[in-house]
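Subject: Structure handover

Hello,

Please find the structure below. My notes on what turned up in it follow.

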Amino acid sequence: MAGLELRELECFLVLAEELHFGRAGERLYVSQSRVSQLLSALERRVGGRLVRRTSRRVALTPLGERFVERLRPAYGGLRDAVEDARAAARGVEGSLRIGFQGVADARLTAAVRAFRSAHPECAADLVEIPLADPFGGVREGVVDAAVVLLPVQEPDLVLGPVFSRRPQTVAVALDHPFASRTAVTAAEVAEAPLVTAAPPAPAYWRAAHAPSAVPGPAVSTLQEGLTQVAAGRAGMLLCRPTAAYHRREDVAFVPVEGVPESALGLVWHRDGESAAVRAFARALTCRGVSLGLAQVVA
């Protein structure tokens, strides 16, 4: 183990995946010759050939196959240990308040559990925020970050992982013309009154969740909206998981064809970014949800 270089191990693991010196170099941002140098140094340290290279192909030797099988989980554990130490050094401790609208689904609660497990020094709590005020809690410091329905077009907020893209349904009263249908179209929904969020939700956000030319009642919470639906005042767009969670005897939930999928995103204030917020964004990513690099919302 004397003088062991982590870069040599990383190079070998990447080469074992790519089986191509050029592609391995591209992934490691080094030249092909540097990959060869690192591999040779590791082979001298091990005392045997790990990779066999010909003019046509690159393959692991039996020793290389055995070594990579043992090395990969050990290297992953070491990398995780370093990341945990870095997180602790950056101060992932104290408390973290995560806002959510309407329903904290299984993906969100799983991410909270993962975050708590990885950062036991930081207490993570879920806080419900009003349907009609998706961004106020973050701006006012009531929550450190919030999981909100997209779209998000707030220049002072940062949009992190985007996830839970789901088909939409329209909730209607049992005597509504849509109630007996197996599906309706976006054009039909646009001609029916729809429940909309009340201010201070931005106009663009309200329009995205009530894409209808017919004004419907404005509400502050999801439960208010469903009550208006049950009373026959209007329909209401909901993603399928939310519809399933709020199933009730006096409301029918009908699939809608041709409307954009519902999606959730994690947002935080650009001046309120912290190590804990970044760690929670990674926890959402690690739970296998759809994501991208955090970006400032234009």
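Let me start with a pair of helices. α1 and α3 are roughly perpendicular to each other, a label for angles of 65 to 115 degrees (under 35 is roughly parallel, over 145 roughly antiparallel, the rest oblique). Helix α1 spans residues 6–18 and helix α3 residues 32–46; they pack at about 110°, with axes 9 Å apart. Axes here are lines fitted to C-alpha atoms, for helices over the stretch in contact, and angles run from 0 to 180 degrees between N-to-C directions.

Before going on, the ground rules. This is a predicted model, where local features need pLDDT of at least 70, side-chain atom pairs count only at pLDDT 80 or more, and totals for chains, interfaces and linings use all residues. Residues are numbered from 1 along each chain as its sequence is written, and side-chain values use heavy atoms, with hydrogens and water left out. Helices (H or I, at least four residues) and strands (E, at least two) are DSSP runs, numbered from the N terminus.

On the α1 side, the contact uses Arg-7, Glu-8, Leu-9, Cys-11, Phe-12 and Leu-15. On the α3 side, it uses Val-35, Leu-38, Leu-39, Ala-41, Leu-42 and Arg-45. Contact means heavy atoms within 4.5 Å. By class, this contact has 9 nonpolar, no polar and 3 charged residues. Nonpolar covers Ala, Val, Leu, Ile, Met, Phe, Trp, Tyr, Cys and Pro; charged covers Asp, Glu, Lys and Arg; the others, Gly among them, are polar.

Helix α2 (residues 21–28) also packs on α3: the axes come within 8 Å and cross at roughly 95°. That makes α2 roughly perpendicular to α3. Phe-21, Gly-22, Ala-24 and Gly-25 of α2 meet Gln-32, Val-35, Ser-36 and Leu-39 of α3. This contact divides into 4 nonpolar, 4 polar and no charged residues.

Leu-19 sits in the loop between α1 and α2. Its phi is positive, about 50°, although Leu-19 is not a glycine. At 36% relative accessibility, Leu-19 counts as partly exposed. The cut-offs are under 20% relative accessible area for buried, over 50% for exposed, and partly exposed in between (1.4 Å probe, protein chains only).

**The whole chain**

The chain has 11 helices and 14 strands. Of its 298 residues, 45% count as buried. Its C-alpha atoms fill a box of roughly 80 × 45 × 35 Å, taken along the principal axes. Among contacts between residues at least 6 apart in sequence, 69% join residues at least 24 apart.

**Strand β5**

How many residues of strand β5 are buried? The count is 5 of the 5 residues (145–149), so β5 is largely enclosed by the rest of the structure. Ala-145, Val-147 and Leu-149 are buried on one side, and Ala-146 and Val-148 on the other.

Strands pair if DSSP finds at least two bridges between them. β5 pairs with strand β3 (residues 94–101) in the parallel sense, over 3 bridges. Here Ile-98 has Ala-145 as its bridge partner. With strand β13 (residues 262–269), β5 runs antiparallel, joined by 4 bridges. Leu-149 has Leu-264 as its partner there.

**An open sheet**

Four strands form an open sheet in the order β8-β12-β7-β11, with mixed pairing. The edge strands, β8 (184–185) and β11 (236–239), each pair on one side only. β8 and strand β12 (residues 251–257) pair in the parallel sense over 2 bridges. Val-184 stands opposite Val-256 in β12. Helix α9 (residues 222–230) lies across β7 (168–173), β11 and β12, at about 125° to β11.

**Backbone points to check on screen**

Most residues other than glycine have a negative phi, and most peptide bonds are trans. Two cis bonds are worth a look:

- Leu-150 to Pro-151, with omega near 15°. Pro-151 lies in the loop between β5 and β6 (157–166).
- Pro-199 to Pro-200, with omega about 15°. Pro-200 lies in the loop between β9 (196–197) and α8 (203–209).

Ser-164 has a positive phi, near 55°. Ser-164 lies in strand β6 and is buried, with a relative accessible area of 8%.

Best regards
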